[in-house]
Amino acid sequence: MRRSEYDRTLMNFAAGAAAVVVAIAAARAGGFAAERLRQPAVLGELAAGLVLGNLVLIGPRTFEFLKTDEVLGFASGVAVIVLLFHASVGSTIGDMKKLGAAALLTAACGVAGSFAAAWLAVRWLLPSSASFATTFVAASVTATSVGVTARVLRDLGQARSRTAHFILAAAVIDDLIGLLVLAVMTATGAVGLVLLKAAVFLVGGLGAGMFVSPRLLSLASRSMSAVLLAAALAFCFAMAWLASLFGLAPIVGAFAAGLIVEEWHYKDFIDRREKTLDDLLAPLARWLVPIFFVAIGIRTDLSGLRSPSV
């Protein structure tokens, strides 16, 4: 029995490793093709995932296992957290404070506009649908894709610009507002709880992070690059976990972690190596992050588009 369980675990691991290898290869091919067409690499990565995930529509089922592979799912989850952490490293909470009011207004307008446009479209295309269904569909499209936004800005070489900081701040706030909108749709009275949890995380979580980060990274900066990178990632995932405890998306915690980390936290390392945390994260993100976008494409089912009514 034990031998059987061991063999099963080994086979699952091998299948998972194969899934990740396929995803990386697809990401490389898709990204290369997109860049040759002078498009962001992320577009090619998403397209590659769409192809792999929907080959079954023309017959081959070779890559169907990718849709349910747990290792690939785990890797893509890790990838998007690293992406948001990498996107916000280099920004600071002070920067976000300066952009806060404008970003909040932009996000609110974006949510309201998306909701109104989607509601009108559903009423026009599906006039017989129930009011709740129409409103729920409209609410579900209010949130933006922070991951795609961050990646496109990085592919365009604009990730460190003031405009990029503003766009990402608005995108994160947009997701928080979208969470509140869905809370309204799914549970009466839940909005207050979601607001309370978000407030506790933003005040308590950020406060705790600002206490831990300089001490942790200052200690790690006395050692080699790998130690500093490991300490920074540990801090990032701790903040992502903390955000999830408060009912927020882990990527919100990862983004917050990047805002908290500042260069003076690991000044000793910069003085010795003349490298920043952004430099250390770049090679990891370059290989890991594309897995997330390929996984999104793989899990997008296009079969419904074959129906004329859709």
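This is a predicted model: local features need pLDDT of at least 70, side-chain atom pairs count only at pLDDT 80 or more; totals for chains, interfaces and linings use all residues.
Helix α3, which covers residues 70-88, and helix α9, which covers residues 225-245, have axes that come within 11 Å of each other and cross at roughly 105°. Because an angle of 65 to 115 degrees counts as roughly perpendicular, α3 and α9 are therefore roughly perpendicular to each other. On the side of α3 the contact is made by Val78, Ile81, Val82 and Phe85, and on the side of α9 by Ala232, Leu233, Cys236, Phe237 and Ala240. In terms of residue class, the contact of α3 with α9 comprises nine nonpolar residues, with no polar and no charged residues.

Helix α3 also holds Gly73, a residue that is partly exposed, with a relative accessible area of 23%. Although Gly73 and Phe292 are 219 residues apart in sequence, their C-alpha atoms are 8.4 Å apart in space. A further pair of this kind involves Lys67, which is placed in the loop between α2 and α3 and, at 25% relative accessibility, is counted as partly exposed. The C-alpha atoms of Lys67 and Thr300 are separated by 9.1 Å, while the two residues lie 233 residues apart along the chain. When neighbours within four places in sequence are left aside, the contacts of Lys67 are with Gly53, Val56, Ile298 and Arg299.

Helix α12, formed by residues 277-298, has 22 residues, and the distance from its first C-alpha to its last is 31 Å, which is close to the 32 Å expected at 1.5 Å a residue.

The buried residues in α10 are Ile251, Val252, Gly253, Ala254, Phe255, Ala256, Ala257, Gly258, Leu259 and Ile260. In the loop between α10 (250-260) and α11 (267-273) lies His265, which counts as buried because its relative accessibility is 4%, under the 20% that marks a buried residue. With neighbours within four places in sequence set aside, His265 is in contact with Ser213, Pro214, Leu217, Ser218 and Ile260, and Ile260 is itself one of the buried residues of α10.

Met96 is located in helix α4, which runs over residues 93-125, and with a relative accessible area of 12% it is buried. The separation of Met96 from Val137 is 41 residues in sequence and 31 Å in space, taken from C-alpha to C-alpha.

Finally, the backbone of Arg38 is considered. Most residues other than glycine have a negative phi. The phi of Arg38, by contrast, is near 60°, a positive value in a residue other than glycine. Arg38 is found in the loop between α1 (2-36) and α2 (41-54), where, with a relative accessible area of 77%, the residue is exposed.

Terms used
Residues are numbered from 1 along each chain as its sequence is written. Side-chain values use heavy atoms; hydrogens and water are left out. Axes are lines fitted to C-alpha atoms, for helices over the stretch in contact, and angles run from 0 to 180 degrees between N-to-C directions. Helices (H or I, at least four residues) and strands (E, at least two) are DSSP runs, numbered from the N terminus. Angles under 35 degrees count as roughly parallel, over 145 as roughly antiparallel, 65 to 115 as roughly perpendicular and the rest as oblique. Contact means heavy atoms within 4.5 Å. Ala, Val, Leu, Ile, Met, Phe, Trp, Tyr, Cys and Pro count as nonpolar, Asp, Glu, Lys and Arg as charged, and the others, Gly among them, as polar. Buried means under 20% relative accessible area, exposed over 50%, partly exposed in between (1.4 Å probe, protein chains only). The expected span of a helix is 1.5 Å times one less than its number of residues.
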